[in-house]
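Colleague: I am new to this chain and would like to go through it step by step. Please show it first.

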Amino acid sequence: VSFAKEFGHARVPRHFLPNPILGRWVHTQRQNYRKCESCLTEERIHLLNNICFEWSLQQHGKEHTKNMVKEKAVKQAKKLATPKKPPTPKATIKGVNSMHKKPSALKAKKLP
């Protein structure tokens with residue numbers, strides 16, 4: 001239902017990258033509807049029909065694919081347009097650099 005609210009339709013593609021589990025579940029429902037009459041209850045079919053579930057994506061063909069690509073591009077553009085927080089400056093501690101040097105680089109000072 002949240003997919004339909006967000007995208008304005010219930011045509012979840014099989015390989016829906018933002019939520020692959022949803023894509024697989026929807027694919028399974030479509031397969032069961034086509035191949036296994038007893039796999040889906042009348043209640044489930046009724047509930048899915050109430051949210052305008054698409055039992056076949058083939059009816060939309062290339063137009064559907066174009067729309068999904070366009071929707072994905074819009075989402076990515078929005079994500080990129082969201083400003084990121086600036087990195088937090090790291091505190092400098094005296095002598096930190098010497099901690100990361102190899103032991104051979106740390107030579108003991110000779111006493112007079």
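Colleague: Which residues make up the largest nonpolar core?

Modeller: This is a predicted model, in which local features need pLDDT of at least 70 and side-chain atom pairs count only at pLDDT 80 or more, while totals for chains, interfaces and linings use all residues. Residues are numbered from 1 along each chain as its sequence is written, and side-chain values use heavy atoms, with hydrogens and water left out. A nonpolar core is a set of buried Ala, Val, Leu, Ile, Met, Phe, Trp, Tyr and Cys residues joined through side-chain atoms within 4.5 Å; buried means under 20% relative accessible area, exposed over 50%, and partly exposed in between (1.4 Å probe, protein chains only). The largest such core has ten residues: Phe-3, Phe-7, Val-12, Phe-16, Val-26, Leu-40, Ile-45, Leu-48, Phe-53 and Trp-55.

Colleague: Which elements give two or more residues to this core?

Modeller: Helices (H or I, at least four residues) and strands (E, at least two) are DSSP runs, numbered from the N terminus. The chain has five helices and zero strands. Two or more core residues come from each of α1 (2-7) and α3 (42-50).

Colleague: What is the nearest side chain of opposite charge to Arg-30?

Modeller: Arg-30 lies in helix α2 (residues 20-35). Lys and Arg count as positive and Asp and Glu as negative, with His and the chain ends not counted; a salt bridge needs a side-chain nitrogen of Lys or Arg within 4 Å of a carboxyl oxygen of Asp or Glu. Arg-30 is buried and has no salt bridge. At 6.8 Å, the nearest side chain of opposite charge is Glu-54.

Colleague: Which backbone oxygen does the side chain of Arg-30 reach?

Modeller: Contact means heavy atoms within 4.5 Å, and Arg-30 touches several residues beyond four places away in sequence, including Val-12, Phe-53 and Trp-55. At 2.8 Å, its side chain reaches the backbone oxygen of Glu-54.

Colleague: Which cysteine does a disulfide join to Cys-36?

Modeller: A disulfide is a pair of cysteine sulfur atoms within 2.5 Å, and by this rule the count is one. The link is right-handed, with 75° about the S-S bond. At an S to S distance of 1.9 Å, the partner of Cys-36 is Cys-39.

Colleague: Is Cys-52 buried or exposed?

Modeller: Cys-52 sits in the loop between α3 and α4 (61-81). Its phi is near 60°, a positive value in a residue other than glycine. Because its relative accessibility is 55%, Cys-52 counts as exposed.

How values were computed: Polar contact = N/O pair within 3.5 Å; in protein donor to acceptor, adjacent residues only side chain to side chain.
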